[in-house]
Amino acid sequence: MLAEELGLHRSVGAGLEAFVRRRGQRCRTLVETSVAIAGLEHVRRRREAYPLTDAGHRLMAEPA
């Protein structure tokens, strides 16, 4: 995705901005979900992490 956006814009800055617009929220959501899962795993509440893991998998499977 990054290479695609960089190829579509005249400057690296414009390409990076377009990439962040395109992928930023999705990446933030995945990081936040991963942190929540790690916290639950740390306190051995694995069953509570399963729905979050499933949600993360669904989000990653969506087309960009």
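**Notes on the helices of this predicted model**

1. Let's start with glutamate 5: setting aside neighbours within four places in sequence, glutamate 5 is in contact (heavy atoms within 4.5 Å) with Gly15, Ala18, Phe19 and Arg22. Glutamate 5 sits in helix α1; helices here are DSSP runs (H or I, at least four residues), numbered from the N terminus. At 8% relative accessibility, glutamate 5 counts as buried, where buried means under 20% relative accessible area, exposed over 50% and partly exposed in between (1.4 Å probe, protein chains only).

2. A word on what you're looking at: this is a predicted model, in which local features need pLDDT of at least 70 and side-chain atom pairs count only at pLDDT 80 or more, while totals for chains, interfaces and linings use all residues. Residues are numbered from 1 along each chain as its sequence is written, and side-chain values use heavy atoms, with hydrogens and water left out.

3. Helix α2 (residues 12-42) and helix α3 (residues 46-61) pack at an angle of about 160 degrees, with axes 9 Å apart; the axes are lines fitted to C-alpha atoms, for helices over the stretch in contact, and angles run from 0 to 180 degrees between N-to-C directions. That makes α2 roughly antiparallel to α3 (over 145 degrees; under 35 would be roughly parallel, 65 to 115 roughly perpendicular, and the rest oblique).

4. Who meets whom? On the α2 side, the residues include Leu30, Thr33, Ile37 and Leu40, and on the α3 side they include Ala49, Leu52, Gly56 and Leu59. By class, this contact of α2 with α3 has 9 nonpolar, 4 polar and 4 charged residues (Ala, Val, Leu, Ile, Met, Phe, Trp, Tyr, Cys and Pro count as nonpolar, Asp, Glu, Lys and Arg as charged, and the others, Gly among them, as polar).

5. Threonine 33 is worth a look: this α2 residue is buried, with a relative accessible area of 17%. Threonine 33 and alanine 49 are 16 residues apart in sequence and 9.3 Å apart in space, C-alpha to C-alpha.

6. α2 also bends, by about 55 degrees at arginine 23; the bend is the angle between axes fitted to the seven residues ending there and the seven starting there. Arg23 is itself among the buried residues of α2, as are Gly15 and Ala18. The buried residues of α2 pack against α1 (2-8) and α3.

7. Last, check the loop between α2 and α3, where arginine 44 lies. Arginine 44 has a positive phi of about 60 degrees although it is not a glycine. Arginine 44 is exposed, at 65% relative accessible area.

Key: Helix = DSSP H or I, 4+ residues; strand = E, 2+ residues; numbered from the N terminus.
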